[in-house]
Amino acid sequence: MAALESLLVDKGILDLTAVDGVVAHYEHAVGPMNGAKVVARAWVDAAYRERLLADGTAAIAELGFSGPEGDHMVVVEDTPEVHNAVVCTLCSCYPWPVLGLPPNWYKSPPYRSRMVREPRVLLAEMGCVVPDGCEIRVWDSSAEVRYLVLPMRPVGSDDLSEEELAALVTRDAMIGVERL
């Protein structure tokens, strides 16, 4: 990868400053902090939560997050009885406006195949132990539909502000490979 990058820079095809600017944009303006704001709002505003679950795209857009890779969003809610996880079995379809750039493991063939075949085992290996008796639902993102997991609100967080709640939300929880 470094050799290709060096060649493209030497030929004047690639400007590293521009690349750094794009990466910074995705790290600071488009990323998991946006999804965390969506989740925190759903935790404190029951009417917003209902809109989010009924029409994820529109409710997410209410907070100003939309665009390519997020033009048809479905939000699935974790409950004590159901744990949701997201995968793209064909490639790496991912909701960039609310989660930013996908992690490398999300794009890996082992993650993509094992999440479908043995989700409970894979999740445990990733440090996400789903209790026995809790159903695991795996959602397959595609070019047409992207998924976001609405994790359960952490116990003991009742007195936290929306901003403090957003700070608790992780990218991995919104993919479903972590429980808060």
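Q: What makes up the area that domain 1 and domain 2 bury between them?
A: In this predicted model, domain 1 and domain 2 bury about 440 Å² between them, with 72% of it on carbon and sulfur atoms; buried area here is the accessible area (1.4 Å probe) that two parts lose on being put together, summed over both. On the side of domain 1 that touches domain 2, the residues divide into three nonpolar, one polar and one charged, where Ala, Val, Leu, Ile, Met, Phe, Trp, Tyr, Cys and Pro count as nonpolar, Asp, Glu, Lys and Arg as charged, and the others, Gly among them, as polar.

Q: How many salt bridges does the rule find across the interface of domain 1 and domain 2?
A: A salt bridge requires a side-chain nitrogen of Lys or Arg within 4 Å of a carboxyl oxygen of Asp or Glu, and across this interface the rule finds zero of them.

Q: Why is Pro-32 called partly exposed?
A: Buried means under 20% relative accessible area and exposed over 50%, with partly exposed in between (1.4 Å probe, protein chains only); Pro-32 has 29% relative accessibility and therefore counts as partly exposed.

Q: Which residues is Pro-32 in contact with, leaving aside its neighbours within four places in sequence?
A: Taking contact to mean heavy atoms within 4.5 Å, Pro-32 is in contact with Val-98, Leu-99, Gly-100, Arg-171 and Met-174.

Residues are numbered from 1 along each chain as its sequence is written. Local features need pLDDT of at least 70, side-chain atom pairs count only at pLDDT 80 or more, and totals for chains, interfaces and linings use all residues, while side-chain values use heavy atoms, with hydrogens and water left out.
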